[in-house]
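Subject: Structure handover

Hi,

Here is the structure for you to look over. My notes on its backbone follow below.

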Amino acid sequence: IICILNHLLRSHRPSHHAPCGQTISISQLTILQNIMPSSLSPQQALLASSVALTVAAVSFFTYQRNKREEKSYPIDDSPGRVGSRGAAAIGAPFGYFDAFMKCLMDPCHPKTNPEGHIALCVAENKLVQDMFSERLLQRDVCEAAFSDPIVYSYNNSLGLPAAREAAAYFLAKRFVAPSRQLSMEMALQIVNPEHVALGSGCNAMLSNLCLALAEKGEAVLIPAPYYAAFEVDMKAIAGLVVYPVALENPAQGPTPADLETATREAERDGIKVKMLLLTNPNNPLGVIYGSSIIRNCIQWARKRKLETIVDEIYGLSVHQKDGSKFQSVTEILDNDLGNDVHMIWGLSKDFAASGFRVGLLYTQNEVLLQALSSFNGFSLISHPMQMVVATILKDDAFVDSFLDYSRSKLYTSYSICTKTMDQLGLPYVSAEACMFVYVDFSSFLPSKTVEAEGKLSDAMLKFARIVLTPGSSQRDPNPGWFRVCYAYVSPDVLEIGMERLTLLVEKIKKHGLENIKPIIEKV
């Protein structure tokens, strides 16, 4: 019997990749072989023989059956699989994404790569990063980031106490009561730090607000044109519907009549409107809404029992220090936001630090803050970064000088851009803030369609190697408008971009958009 077992083991020994059934069966035989005693009585030997033969037969035939039924399953070499939510999230965040990637891979430089691509489609202020980085490299910032043991441990998901206090002080001094000289103690009496939440960028704060305040499939009203990525911010996780509001006078701002018309259209489409989102100063127009515009919109929203979010991410990037008409919603409402008005701000624009991923929410809705304390766990700012930000926001002398420097740099580049537009006879919206100009190129379109706008955008990329933000990606109902972001590149590169744009426009004026291909290629 032992000889038979050994023969089976030798004949059918499993490889490293043998099927599980074979391995288990032969393991059983091996165990049986090891435990069988060397001397047995006749009765024991007969019983052992019967058991051994039975096990051997079952194991052998099990192995043979598994071998016959064994199938080859090829490795799945497809790109991968995702669920329906993952599939819905796949795609470029905005229509000009691929063109922007070309700019990143081949950026223009006045000396080393003067023929490279120029990105004038990104609203970032790179003109002041030198001053900001110099401040960040000072010793007190580094010590703040890592010296306090609190940064190494878990804490409140809405922000470290010191960071929330610094943010409350900053909001009180720069937004709520900018005309007053406030001490830290006075500021914290105006803005309760418990009403401030920190998150990884304003897009994360917006997403969490939508998730907490609305139901999937409900609508957010946004006056058009608007920031291209808002739709991703509100759809990707919260599943809301972004509903553009057509305005009678976009530069003036939305009126209750504009908002009411859009709401009724949404309701006719079977969509329930839940929220209103305002951006002030406005992206992409660069205008500042007057206080009456903001107040009237909020009053209308309250009649409709809607939530109002006011995005003030460009609030400190105004072109004039004195005489600016910008007022934060917190100041307009005398810091009485109620439970239905929520203000957001971040470092991305005013402090040229979009890579820091720092966003602030100021709301007096304490139930909302309780909900956000759970959601915000997925979008925390690292504790060292919170302490860095706290140090900067409390440094009044630096913030004052930095904002002055930023205004000067922005206005210089704004002037370079608008001078070219004036020379070319291109209409544009006179900006009062932000870091872009909204320009009307519609006179060069063969037809007033989105397709024609796309052809002009393609021509800018192919023949001039410049990328602007097309109005269609911002839901502008009037094809031909483009946003020109003048602070993403240095003034030298901006001059090169304006020269290229001038050449392209002159060729289009002379030959038409449909006929410029061979001409531009020869230039």
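First, a term. Helices (H or I, at least four residues) and strands (E, at least two) are DSSP runs, and their numbers count from the N terminus. Note that this is a predicted model.

Cis peptide bonds

Start with the loop between β5 (273–279) and α13 (291–303), where Pro 281 sits. The bond from Asn 280 into Pro 281 is cis. Its omega is near -5°. Pro 284 is also placed in the loop between β5 and α13. The peptide bond joining Asn 283 to Pro 284 is cis, with omega about 25°.

Positive phi

Arg 357 is not a glycine, yet its phi is positive, near 55°. Look for Arg 357 in the loop that runs between α15 (347–350) and β8 (359–363). Is Arg 357 buried, partly exposed or exposed? Its relative accessible area is 30%. Buried means under 20% and exposed means over 50%, so Arg 357 counts as partly exposed.

Arg 475 is another non-glycine residue with positive phi, at about 60°. Which loop holds Arg 475? The one between β11 (466–470) and β12 (481–485). Arg 475 has 37% relative accessibility, so this residue is classed as partly exposed.

To check these on screen, begin with the bonds into Pro 281 and Pro 284. Then go to Arg 357 and Arg 475 for the positive phi values.

Best wishes

Notes
Residues are numbered from 1 along each chain as its sequence is written. This is a predicted model: local features need pLDDT of at least 70, side-chain atom pairs count only at pLDDT 80 or more; totals for chains, interfaces and linings use all residues. Side-chain values use heavy atoms; hydrogens and water are left out. Buried means under 20% relative accessible area, exposed over 50%, partly exposed in between (1.4 Å probe, protein chains only).
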